[in-house]
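Look at the chain as a whole before looking at any single residue.

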Amino acid sequence: TVTAGGDLEVNRNSETRGGDLSIDVGGDIVLNRQIASRNGGSVTANADGSIFINRDMRMRGAGDMTLIAGDRIEVDRQIRRDGAGDLSLQAENDITINRNIFANDDGSIGIESQSGDILLGGSTANQRISTNGGDVTLTATTGSVRLERTNNRTRNTQVYAGDGDISITAGTEILLQGGTRRNASVTVGRAGDSSDIPLSAPTVSVLAGDGPTTTFAQVVTSGEGSISVEADLLVIEDGTGGATASIEAIDGASLTLDAGIQQWDGLVRADGDAATGGHVSLTGAITATVAPIFDLNNGADFALNTGNPLGSLRADGLSFDVTTTGGTISVNGALDAQEITLVTDTGVALGANAALTAAGLGNALVISAADSFNNAGGADVLNMTDPSARWLLYMNTFASLAGTAPASGEFDLYNRSFATDPPSTLDAYAAVSYTHLTLP
């Protein structure tokens, strides 16, 4: 145990081999040499002032490392964790991370600022906060979590957790922002990992930056993982130089975007090759300028504003397509796009406030509902902007319809399914809206 009333500067390695190490000072702690434990002891450093890490630190064994600062923490050299112990950084004000912080085994990493920001991305090298089996938790209680490339370097910033989860919470904003150079990318999660990734803040921004096509900002997970965003404002924005921004739930991962206002100027994607999983839930007033991808896995459900009757999704000039096998498609609120295609072998439900409008030509609005088409939106729920266009509704039987039949004024076709007789094969029938697999 080391106690000091003022500042403490560590200029020689201080390492235990099984016991605990505790440092408690009334001023700053400056680590010019490492403090660590080798065989299972814990290390705790508590400063009423700030903590400055100027030397690589490496913990071994099952002990925890906890750094607590009454002011701020600056990490200018890497912190490495080998073994099952956890790593915790806690500060009243800013926590600035300019080097790697990583746990190679099952330990978790927790970084928390009570009144300041968590800042990551100023490194002159590639940078990561990562674990193999533990979780990563970043919390700025009243401030922001900013993951960005802030210098003119061809380097990337990553946060990932292997088999663990990633949780990011901020009082003002969560920001991912790529840089201006090639490969100056920022990612949360990794393709191939199955992390649950909840992001919660008043504003969540995923901004590509102004780099070339090799630069991007991305939130991604796979398999049994999930991405959930809870915010007032969600912004996904491609850059002007070819850089891209995206939120991607792939290969069975689920996607939940719940934000009052959503601006999709970058890709939103849920698709992949997994056998099951991949549910999608979207809630808010959404504007898309980049076509989303919702080619869902077997058994995956899709829900648009089912809990928000005043919600909307507008994708002017774009196709809005949802395909799932074994899952249902539910839509409430307004849905406007150039073309709309909803395809499932299980059922489609349109809520009381649903209004689907397609601005394209030809078969601009197509629904394949199979055994169940439940329409609570009234007879005028399906709308075409161009009078020469039409909508097509595929149902297996007359009994597939529940609620109100959309008004068409045209005749029906029979013994035709979406699989065997897709819309392009029905162009010869100019006046048709309904198709049925069986005769009445």
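This is a predicted model: local features need pLDDT of at least 70, side-chain atom pairs count only at pLDDT 80 or more; totals for chains, interfaces and linings use all residues.

Residues are numbered from 1 along each chain as its sequence is written, and side-chain values use heavy atoms, with hydrogens and water left out.

The protein has zero helices and 46 strands. Both are DSSP runs numbered from the N terminus: helices are H or I of at least four residues, strands E of at least two. Taken along the principal axes, the C-alpha atoms fill a box of roughly 85 × 40 × 35 Å. Of the 440 residues, 49% count as buried. Here buried means under 20% relative accessible area, exposed means over 50%, and partly exposed is in between, for a 1.4 Å probe and protein chains only.

Strand S4, residues 21-25, shows how strands are joined. Three bridges join S4 to strand S1 (residues 2-4), and the two run parallel. Two strands pair if DSSP finds at least two bridges between them. Ala 4 has Val 25 in S4 as its bridge partner. Strand S7 (residues 43-47) also runs parallel to S4, joined to it by five bridges; there, Asp 24 has Asn 46 as its bridge partner. In a regular strand the side chains alternate between the two faces of the sheet. In S4, Leu 21, Ile 23 and Val 25 form a covered face, and Ser 22 and Asp 24 an uncovered one.

Aromatic rings come next. The structure holds six aromatic pairs. Rings of Phe, Tyr and Trp (its six-membered ring) pair if their centres lie within 6.5 Å; planes under 30 degrees apart count as stacked, over 60 as edge-to-face and the rest as tilted. The ring centres of Phe 302 and Phe 320 are 6.2 Å apart and their planes are at 65°, so this pair is edge-to-face. Phe 302 is in strand S34 (residues 302-304) and Phe 320 in strand S35 (residues 312-324), so the pair links distant parts of the chain, 18 residues apart. Phe 302 counts as buried because its relative accessibility is 1%, and Phe 320 because its value is 0%.

The charged end of Arg 128 sits over the ring of Phe 102, 4.2 Å from its centre. This term requires NZ of Lys or CZ of Arg within 6 Å of the ring centre and within 35 degrees of the ring normal. Arg 190 lies over the face of Tyr 160, at 3.8 Å from the ring centre.

Two loop residues remain. Gly 299 is in the loop between strand S33 (293-295) and S34. Gly 299 counts as partly exposed because its relative accessibility is 33%. Gly 299 and Ile 286 are 13 residues apart in sequence, and their C-alpha atoms are 25 Å apart in space. Thr 141 is in the loop between strand S19 (136-140) and strand S20 (145-148). With a relative accessible area of 39%, Thr 141 is partly exposed. Thr 141 and Ser 88 are 53 residues apart in sequence and 15 Å apart in space, C-alpha to C-alpha.
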